[in-house]
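Follow the paragraphs below with the model open.

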Amino acid sequence: MTGKVDRLDLFRQMYLVRQFEIACGENYSKGLIRGFLHLYTGQEATGVGAISTLGDNDYVVSHYRDHGHALARGVDVNRLMAELFGRATGTSKGKGGSMHIFDVAKGFMGGHAIVAGQLPLAAGLALAQQYNKTDGLTICFFGDGATNQGIYHETMNLAAVWKLPILFFLENNMYGMGTSIERVRAGGIDFYPGMATYEIPAAEVDGMDVLAVREATELAVARIRNGEGPQFIEAKTFRFVGHSLADGQKYRGQEEVKEWERRDPINVYPTRLLEMGIAKSDQIDQIKTEVDEVVAKAVEFAEQSPEPELSEIHNDVLA
Ligand SMILES: Cc1ncc(C[n+]2csc(CCOP(=O)(O)OP(=O)(O)O)c2C)c(N)n1
Ligand SMILES: [Mg+2]
């Protein structure tokens with residue numbers, strides 16, 4: 001690993017994402033969060049590991065499963081929760097909701113609900129970075145379901161032709177809604193070899209291992225900063241919960257879920273830190289206590305925040 005990282009802080013971030021999502025689920029059940037809600041539970045090590053390598057000049061682009069990416073990018077936890085509650089104090093004044101988290105000051109450029117729609121937008125951001133010589137790069141997260149869209153291939157081709165400073169980050173969680181990727185993809189469950197078509201260097205990484213994700217991302221980021229053009233990482237990961245809160249998961253057996261849960265980064269990683277002598281158990285406990293409080297306060301902040309004024313309805317609308 002080239003850069004320095006606070007390995008205990010990686011745990012704090014992953015635990016924050018996990019607890020944030022649990023709180024989202026609870027408040028969805030209470031009817032305080034409405035609309036679509038897609039939780040990142042199980043995938044924490046990918047977003048946290050990858051985003052930990054970025055600088056202030058870089059952009060992060062995500063899809064509708066975006067809370068974890070936003071938190072890893074440092075989007076304020078109170079404003080994020082308030083956005084989900086549809087409150088005026090939210091990141092988009094409560095008018096975006098779960099699938100449309102944005103925070104330009106943090107370089108967090110969405111939150112996009114259309115599967116694969118974020119890919120060309122991210123390439124556009126990377127083109128702007130290249131054109132304006134900002135030294136920044138764009139990381140674009142997407143799921144396995146995005147790979148069967150035509151725009152996926154169009155974006156890969158143009159990004160390679162123009163040598164854009166972009167990292168395509170596939171979170172292959174094996175399912176697109178209720179569809180197992182094995183059922184709908186010719187060529188098996190590995191996507192990274194296909195990048196040879198576009199001459200985009202591609203790597204596979206264990207998405208349940210935050211340090212491995214970080215290391216793979218650091219390498220790719222270094223190449224991009226060196227002017228070598230787009231890079232591709234495929235993290236094999238798993239969502240422990242349904243696609244959205246409306247999903248009863250009838251399409252897969254609990255055995256499969258349990259198998260992946262044995263590799264849950266929230267349990268495995270702190271054990272590893274203890275074994276490596278990097279942390280003591282009371283430090284882990286203290287982080288958990290602090291984060292639990294942060295999340296409880298975020299819920300309180302959201303609940304106490306006002307709803308947007310009716311007059312807001314025509315503001316920020318581009319037509
Ligand atoms: C263009 C388009 N088609 C269909 C949908 C409905 N839809 C929402 S999420 C999803 C599955 C995407 O799965 P994947 O890309 O693997 O991401 P994951 O949910 O697994 O993180 C679909 C089909 C959509 N939002 N956009
Ligand atoms: Mg998927």
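Around ligand 1 there are 13 residues, and those that come nearest are Val115, Gly143, Asp144, Gly145 and Gly176. A residue counts as near a molecule or strand if its C-beta atom, placed from the backbone, lies within 6 Å of it. By class, this shell has six nonpolar, five polar and two charged residues. Here Ala, Val, Leu, Ile, Met, Phe, Trp, Tyr, Cys and Pro count as nonpolar, Asp, Glu, Lys and Arg as charged, and the others, Gly among them, as polar.

The model is predicted: local features need pLDDT of at least 70, side-chain atom pairs count only at pLDDT 80 or more, and totals for chains, interfaces and linings use all residues. Residues are numbered from 1 along each chain as its sequence is written, while chains are lettered from A and ligands numbered from 1 in the order in which they are written.

Next comes the sheet. Five strands form an open sheet in the order β1-β2-β3-β7-β6, with parallel pairing. Strands (E, at least two residues) and helices (H or I, at least four) are DSSP runs numbered from the N terminus, and two strands pair if DSSP finds at least two bridges between them. The edges are β1 (59-61) and β6 (202-206), each of which pairs on one side only. From one strand to the next, the twist averages 20 degrees. Within the sheet, β2 (residues 138-143) and β3 (residues 166-172) pair in the parallel sense over six bridges. Phe141 has Phe169 of β3 as its bridge partner.

Helix α8 (residues 210-225) packs on this sheet and touches β3, β6 and β7 (231-236). The direction of α8 makes about 170 degrees with that of β7. Such angles run from 0 to 180 degrees between N-to-C directions, and axes are lines fitted to C-alpha atoms, for helices over the stretch in contact.

How do the helices pack on one another? Two packed helices are described by the angle between their axes and the distance between the axes. Helix α1 (residues 7-29) and helix α11 (residues 281-304) have axes that come within 9 Å and cross at roughly 40 degrees. That angle makes α1 oblique to α11, because angles under 35 degrees count as roughly parallel, over 145 as roughly antiparallel, 65 to 115 as roughly perpendicular and the rest as oblique. The contact includes Phe11, Tyr15 and Phe20 of α1 and Ile284, Ile287 and Val291 of α11; residues are in contact if their C-beta atoms, placed from the backbone, lie within 7 Å. The residues of this contact divide into twelve nonpolar, three polar and three charged.

Helix α11 also packs with α4 (residues 77-84), at an angle of about 50 degrees and with the axes 8 Å apart. That makes α4 oblique to α11. On the α4 side the contact is made by Val77, Asn78, Met81 and Ala82, and on the α11 side by Val294, Ala298, Val299, Phe301 and Ala302. Eight of these residues are nonpolar, one is polar and none is charged.

Finally, the axes of α1 and α10 (residues 265-275) come within 10 Å and cross at roughly 160 degrees, which makes α1 roughly antiparallel to α10. Arg7, Leu8, Phe11, Met14, Tyr15 and Arg18 of α1 meet Pro265, Ile266, Tyr269, Pro270 and Leu273 of α10. Nine residues of this contact are nonpolar, none is polar and two are charged.

How values were computed. Contact = placed C-beta atoms within 7 Å.
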